[in-house]
Amino acid sequence: MTAPGTRAQASAEESDDLDVEEALALVREAPPEAGDDSTGHVSAPAPQPSGVRPAERHRATDWPRAREIAARAARPAAAKGSAAVPAGARRTPVSVPLGDALGLVLAAPLDALTDLPSFDTSAMDGWAVAGPGPWQVRAEGVLAGHAQPDPLTDGEAVPIATGARIPADTTAVLRAEHGRTDAKGRLHATRDMLHGQDIRPRGQECRTGDQLLPVGTLVTPAVLGLAAAAGYDTVTTVPRPRAEVLVLGDELLTGGLPHDGLIRDALGPMLPPWLRALGAEVVAVRRLGDDARALRKAITGSGADLVVTTGGTAAGPVDHVHPVLERIGAELLVDGVKVRPGHPMLLARTKEDQHLVGLPGNPLAAVSGLLTLAEPLLRTLAARPAPEPYTLPLREAVQGHPYDTRLVPVVLRGDHAVPLHYNGPAMLRGIAAADALAVVPPGGARQGEETELLDLPWATAGIGVCFT
Ligand SMILES: Nc1nc2c(c(=O)[nH]1)N[C@H]1C(S)=C(S)[C@@H](COP(=O)(O)OP(=O)(O)OC[C@H]3O[C@@H](n4cnc5c(N)ncnc54)[C@H](O)[C@@H]3O)O[C@H]1N2
Ligand code: MOO
């Protein structure tokens, strides 16, 4: 097997020639040493996984439970435990121009402000005709957007365009391809016609006041189109949750090559667009280094609904997140999760209407925390519907952690999920090629075993749609 370093170098040179499958092969090769934690593989079951303090194991929350806690944390107090109250209802609805409403959720029903169509409309290009043919054809036709045409008299026809107003006393529209004019200029139908044919009557789709969509509907491009057609300039929505990202770590560079023990900040560029894809407005990204005072000031001074910190969640000398949360009297709702990577992640209530998600600094561990804690919390704040859980069989067995859930990057191929390597906590190489994360239960999953999948936002919606 080629050493990954060599292969990576070769791949950069050959990149013009790579097709997608070849590119994926780069992240599907067996990593250098199975069982080395840096590869993301968990070694044979051990009574006490390395790097985990006994007290932390005691506190750590099961992965599914952690997601439930995160989803419920942002519910209005009266609604906790009650599925009947719409999630996010506590947050005062806002009126948002259509151009800014994509991805928000309706906080008021979309009731038609007009009949649709709002006038009797021609469904085809051709002639509006009155009574049975042949017809005398009026010289001047009717186009869409024109003033109301004069009524027709029996035996009369007028050229008409799709979307134009139907003259009074029209009995049908004759399509352009179904009519012929004789030498005397009279119009004949070449097909039988029905009364009312190809006329869209006013109110066919809805009448003013009809409910078109209920509260809780996700504003999709189609909803924007319907709202505009129905007369709306703005829609009433649940406000977009505001998120602030605090990047911790003195070792982080924002440009150039790693040097002298310093590394590039991978989370500053990754988290804001990902948070937007999860429905948040990112109000600020701040780099605070390893400064406990700055962290405390940033958290207490933040007006965001969700503060996301990166790094500093473990027990190192400059891991300030726990001490600062304790100092400001935050309530820890989740303190460690039985999931790999990412087990030191945490969720705290910092103020009445503010939560903090502490993401571990290892980049894939941060993704794990984002999807485990931030995604359900933001979903509730934004009142977005929960995605339907789904499973696919694994094309290959995936080794499990003895006690914890594993989240493993996969690509979807046909009816299978194909696990990717380079899935260690510090690696983004696997996730960058992935369509989803497979949820591998403690103990692992066999080849062919149906496994829950968490879709990555771009795999289903594309970059342009949901990252605005
Ligand atoms: N004694 C223990 N040590 C560690 C434990 C533990 O349970 N006990 N857990 C390990 C695990 S697992 C993880 S994950 C990390 C979590 O550490 P922190 O959240 O405190 O993060 P840092 O120590 O600040 O950083 C860890 C690692 O990630 C790099 N990093 C940090 N920020 C970024 C960034 N924005 N972009 C790229 N890389 C980043 C940082 O340089 C470190 O290499 O703790 C283990 N240790
Ligand atoms: O396993 Mo940590 O939780 O390395 O990311």
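Ala, Val, Leu, Ile, Met, Phe, Trp, Tyr, Cys and Pro count here as nonpolar, Asp, Glu, Lys and Arg as charged, and the others, Gly among them, as polar. By that scheme, the shell around ligand 2 holds 5 nonpolar, 3 polar and 1 charged residues.

This is a predicted model, in which local features need pLDDT of at least 70, side-chain atom pairs count only at pLDDT 80 or more, and totals for chains, interfaces and linings use all residues. Residues are numbered from 1 along each chain as its sequence is written, while chains are lettered from A and ligands numbered from 1 in the order in which they are written.

**The ligand shells**

Arg340, Pro341, Gly342, His343, Pro344, Pro360, Asn362, Ala365 and Pro425 surround ligand 2 (a residue is near a molecule if its C-beta atom, placed from the backbone, lies within 6 Å of it). Around ligand 1 there are 28 residues, and the closest are Gly311, Thr313, Ala314, Pro360 and Gly361. The shell of ligand 1 divides into 14 nonpolar, 10 polar and 4 charged residues.

**The annotated span and its sheet**

UniProt, in an unreviewed entry, places "domain: MoaB/Mog" at residues 244–380; its positions are given in the numbering used here, feature names are shortened, and annotations may be inferred rather than shown by experiment. This span is 34% helix and 32% strand, and its end C-alpha atoms lie 17 Å apart. Helices (H or I, at least four residues) and strands (E, at least two) are DSSP runs, numbered from the N terminus.

Now to the sheet: 6 strands form an open sheet with mixed pairing, in the order 17-14-18-22-21-19, where two strands pair if DSSP finds at least two bridges between them. Strand 17 (281–289) and strand 19 (331–335) are the edges, each pairing on one side only. From one strand to the next, the twist averages 20°. Strand 14 (residues 242–248) pairs with strand 17 in the parallel sense over 7 bridges, and Val247 has Arg287 of strand 17 as its bridge partner.

**Helices on the sheet**

Contact here means C-beta atoms, placed from the backbone, within 7 Å; axes are lines fitted to C-alpha atoms, for helices over the stretch in contact, and angles run from 0 to 180 degrees between N-to-C directions.

| Helix | Strands | Angle |
|---|---|---|
| Helix 7 (residues 292–301) | 14, 17, 18, 21, 22 | about 165° to strand 17 |
| Helix 9 | 18, 19, 21, 22 | about 165° with strand 22 |

Helix 9 (residues 363–382) also packs with helix 4 (residues 63–73), at an angle of about 30° and with axes 7 Å apart. Their contact includes Trp63 and Arg67 of helix 4 and Leu373 and Arg379 of helix 9. Its residues comprise 8 nonpolar, 2 polar and 2 charged.

Conventions
Contact = placed C-beta atoms within 7 Å.
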